[in-house]
Amino acid sequence: MFDTLADRFERLSASLRSRGRLSDADLDGALADVRSALLEADVELTVVRAFLDALRVRLAGQALNQSLTPGQQVIKAVHEQLIEVLGGSALKVTYASRPPTVIVLAGLQGAGKTTAAAKLALWFKQQGRQPYLVAADLQRPAAVQQLRVLGSQAGVDVFSDASTPVDVARRGVAEAARIGRDVVIIDTAGRLTVDRELMDEVRAISDATSPHYTFLVIDAATGQDAVVTARSFHDTLALSGIVVSKLDYDARGGAVLSARGVVGCPVVFASTGEKLGDFDLFHPDRMASRILGMGDALSLIEQAERTMDADVVAASAGRLMDGSFTLDDFLAQLNQVRKMGSLGGLMRLMPGVTKEMRSAASNVDDRELNKIEAIIRSMTARERREPAIIDGSRRSRIARGSGTTVNAVNQLLKQFGEMRKMMRQMGGANPTMPPQMGKFAALAARRGADSLPAGFEALGAGMRAAPAPKGKKKKGGRVTPPKQR
Amino acid sequence: MIVAIAIVAALLVVGIVALVIARRRRARSLAPASDQPPLPQVLVTEVVERPTLDEAPSLGTRIGATRGVFERIRSMSATGALGVDELAIVEEVLLRSDVGVATTASILDGLRRDGAGDGVAPTLRRALRACLVDERSVRDRAEPGRVAVWLFVGVNGVGKTTTIGKLAHREIAAGRSVVLAAGDTFRAAAAEQLGQWAERSGAELVRVGEGADPGAVIHDAIGRAAARGADLVLADTAGRRSNSTNLLEELAKVRRVADRGPGQVVETFMVLDATTGQNALSQAREFLAAAAVSGIVLTKLDGTARGGIVVAIERELGIPVKFVGVGEGVADLIPFDPDEFVDSLIRA
Ligand SMILES: Nc1nc2c(ncn2[C@@H]2O[C@H](COP(=O)(O)OP(=O)(O)OP(=O)(O)O)[C@@H](O)[C@H]2O)c(=O)[nH]1
Ligand SMILES: [Mg+2]
């Protein structure tokens with residue numbers, strides 16, 4: 001997400017890095033670059049102007065700072081300004097004292113409301129709540145079925161009936177109260193802000209259910225119209241926040257930057273991938289770091305905490321550090337990692353990752369992981385424990401069994417060996433906390449820190465170590481980029 | 001695969017860190033889950049169909065706020081050389097309609113160089129019109145003995161399925177027989193959605209279960225159409241992000257399957273939501289490379305969005321817009337008329 005913006009800023013800081021002093025001409029040039037970076041990212045025009053004015057003031061005020069290079073000065077100022085524009089801190093969800101807490105989702109057609117509803121439901125479930133979905137989109141063909149399917153994937157019940165949207169919403173809330181669900185999420189039909197009749201209808205849904213939260217769902221790829229839309233919905237519904245969808249689509253996310261500035265309505269949740277788990281609270285400070293390509297380790301750790309099974313991780317953590325990690329362990333871990341969301345999405349959160357790694361990761365999909373799983377599952381128990389015994393004939397048997405190639409099996413085994421070696425090196429003396437990770441963990445433990453310092457050296461080093469074999473492979477004559485298959 | 005393993009390893013590290021942190025913190029006790037109450041009874045849901053327009057509306061009457069933005073330009077009386085203020089207004093107007101930085105800059109360069117001649121509005125209209133391509137006919141016939149296929153591609157939620165519904169209606173009204181291929185086997189309930197459109201228009205639908213191979217569905221539909229002597233197959237595909245090599249490769253494969261044997265892909269439409277900003281350009285670029293997009297259907301022009309990004313797409317990639325979606329009704333689709341489009345942007 002925000003890839004383009006991040007790239008532009010990266011280039012900008014590289015070009016400024018070499019300079020000793022920031023001249024007026026440098027400043028003008030830098031600001032012009034920031035301007036077109038923001039415009040290309042679909043940031044609303046008035047927001048762009050305000051952003052540049054504020055940036056100019058900040059930079060002028062910083063002129064005396066001796067410890068930073070001009071490039072760092074600009075980046076630091078942009079970072080601070082971004083946090084300000086995106087809105088201070090993340091939403092703290094409060095629950096109704098008399099449950100259920102009612103949430104209405106509204107938005108244009110195709111914005112991603114139905115998917116967001118299911119993701120939100122799963123999110124609440126992971127918070128220990130008992131959510132309930134209400135299908136009040138009776139407009140789009142098969143919308144109710146869609147919510148049903150997604151609801152069952154999330155393990156959340158869906159209420160629907162064939163009356164009117166307002167009645168469905170009202171009855172859904174009543175039903176939730178009756179059966180003791182404490183969060184109700186109402187999915188409504190997509191509507192245009194110029195459609196008076198439908199805007200009145202969503203207002204009526206809101207009046208009938210008195211929601212505690214009303215969220216507008218906006219597609220991250222929306223252009224300048226995002227602000228027009230947000231303003232109209234805000235006028236009709238008094239929004240409590242915006243949910244950004246499809247933030248993984250190379251969307252530049254300007255809508256996100258603009259909404260708060262123009263409409264005064266903060267972004268509260270963001271959807272960053274196709275899996276139901278790719279969804280989380282929106283943290284302005286972390287997003288600012290992410291826009292500037294600094295990664296977002298806190299979100300990553302939280303996602304791990306939320307989705308991974310602590311016992312499974314713990315079981316193999318020890319074996320991992322003393323080098324007795326087996327392919328069984330790897331398989332178990334693989335499944336844990338899969339629960340966290342798509343690898344591409346997770347990779348974007350990882351600090352210290354190069355752009356190449358990031359784009360390679362965004363191309364790793366489920367099939368890739370299925371293949372790895374199939375290969376391991378085609379091994380005997382002993383082979384999984386002692387991969388060293390896997391000789392040529394065993395390799396071709398495994399390849400046949402898993403429907404892959406010997407080459408793929410070789411790759412997997414080699415990579416597994418490298419990984420084991422690397423982990424052992426990181427393991428060192430302390431079995432529960434690899435020393436290199438101490439710093440990272442300390443940082444992560446300091447949650448709620450205002451902004452992320454750019455130096456995640458520890459994990460950065462770990463990450464650079466991880467893809468190391470890719471360089472070695474190249475020496476062996478592989479010229480194709482280390483993509484999948 | 002190497003990348004995948006490296007990432008899994010890295011994430012495993014993260015998992016362990018998270019675990020350690022979690023251990024150190026007091027274990028929070030979650031509210032005990034109460035036993036699951038019985039599910040509410042599910043009733044059959046009928047889709048409430050909105051009344052649709054009988055006549056296809058004209059673009060000028062449906063483009064909502066597009067015109068308003070350009071009003072400021074119309075009220076500019078300058079002719080000849082333009083001042084900084086006037087150029088700034090033109091720039092603002094173009095940027096606000098999502099025309100984009102590069103195309104706006106090139107139009108401004110032209111204005112700066114050549115002046116406004118007979119007035120800002122007519123000059124700007126000419127400049128915008130010059131960005132658009134000339135040829136935008138719709139190919140609807142295959143070579144003898146083959147079945148014409150229209151393939152629909154695009155990111156999620158832009159209106160692919162709806163557009164197919166509308167076009168099926170249109171083609172059937174014109175006396176042609178149409179088979180719909182439910183090639184979106186990924187999205188929940190996508191085939192049901194297309195099925196409801198098939199019912200509305202009287203087209204035949206070919207579908208298989210969710211998760212099946214999209215190429216196979218389209219292949220079946222083409223076989224069915226050929227056997228029946230149908231004129232046209234409209235093939236839906238799953239919405240997909242345009243920055244994933246795998247998903248684009250899959251799409252390229254689907255197109256190859258559709259363009260084989262009795263099937264001949266005569267149009268590949270990229271469906272584009274008019275609210276989309278600058279990302280539309282990269283969408284168009286990627287889909288063009290993967291699926292040889294031959295035309296764009298610009299949807300949701302009945303809202304406040306201006307759809308100005310198509311000016312940039314036509315200028316930079318030469319992909320013509322062929323149809324415009326102006327509502328959710330079956331008749332809310334009209335052929336794209338570039339003069340009308342540009343006029344409706346500038347005329348008050
Ligand atoms: N107002 C308006 N709404 C439209 C138009 N075209 C489509 N829609 C609506 O946009 C929403 C998404 O349309 P779909 O046809 O499901 O989009 P899709 O591209 O097939 O979506 P996926 O299959 O999920 O990728 C639906 O609610 C449609 O009714 C249009 O021209 N105007
Ligand atoms: Mg569809």
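The domains named in these legends have bounds that come from an automatic or database domain assignment, and the model in which they are drawn is a predicted one.

**Figure 1. The two domains of chain B.** Chain B is divided into domain 1, which covers residues 59-130, and domain 2, which covers residues 147-293. The C-alpha centres of domain 1 of chain B and domain 2 of chain B lie 36 Å apart. Four residues of domain 1 of chain B are in contact with four residues of domain 2 of chain B, and the two domains bury about 190 Å² between them, with 31% of that area on carbon and sulfur atoms.

**Figure 2. Domain 1 and domain 2 of chain A.** In chain A the assignment gives domain 1 (5-87), domain 2 (101-281) and domain 3 (300-427), and this view concerns the meeting of domain 1 with domain 2. Here 15 residues of domain 1 of chain A are in contact with 14 residues of domain 2 of chain A, and the area buried between these domains is about 1,100 Å², of which carbon and sulfur atoms give 58%. On the domain 1 side of chain A, the residues that lose the most area to domain 2 are A:Asp42, A:Glu44 and A:Leu86, which together account for 42% of what that side buries.

**Figure 3. The surroundings of ligand 1.** Because the residues that surround ligand 1 come from chains A and B, the site is shared between chains. There are 23 residues around ligand 1, and those that come nearest are B:Lys160, B:Thr161, B:Thr162, B:Arg187 and B:Glu328. Helix α7 of chain B, made up of residues 160-173, gives the most to this shell, with four residues. Sorted by class, the shell around ligand 1 has 12 polar residues, eight charged residues and three nonpolar residues.

**Figure 4. Polar side-chain atoms beside ligand 1.** Which atom of ligand 1 is 3.4 Å from an N or O atom in the side chain of A:Gln109? It is a nitrogen atom of ligand 1, whereas an oxygen atom of the ligand lies 3.1 Å from a polar side-chain atom of A:Arg140. From chain B, a polar side-chain atom of B:Lys166 lies 3.4 Å from an oxygen atom of ligand 1. On its own, ligand 1 has 650 Å² of accessible area, and the protein covers 97% of this.

Technical notes
Residues numbered from 1 in each chain as written. Chains lettered and ligands numbered in written order. Predicted model: local features only at pLDDT ≥ 70, side-chain atom pairs only at ≥ 80, totals over all residues. Heavy atoms only, no water. Near = heavy atom within 4 Å. Polar contact = N/O pair within 3.5 Å; in protein donor to acceptor, adjacent residues only side chain to side chain. Areas by Shrake-Rupley, 256 points an atom, 1.4 Å probe, with all protein chains shown as cover. Helix = DSSP H or I, 4+ residues; strand = E, 2+ residues; numbered from the N terminus. Nonpolar A, V, L, I, M, F, W, Y, C, P; charged D, E, K, R; others polar. Contact = heavy atoms within 4.5 Å. Buried area = accessible area lost by both parts, 1.4 Å probe.
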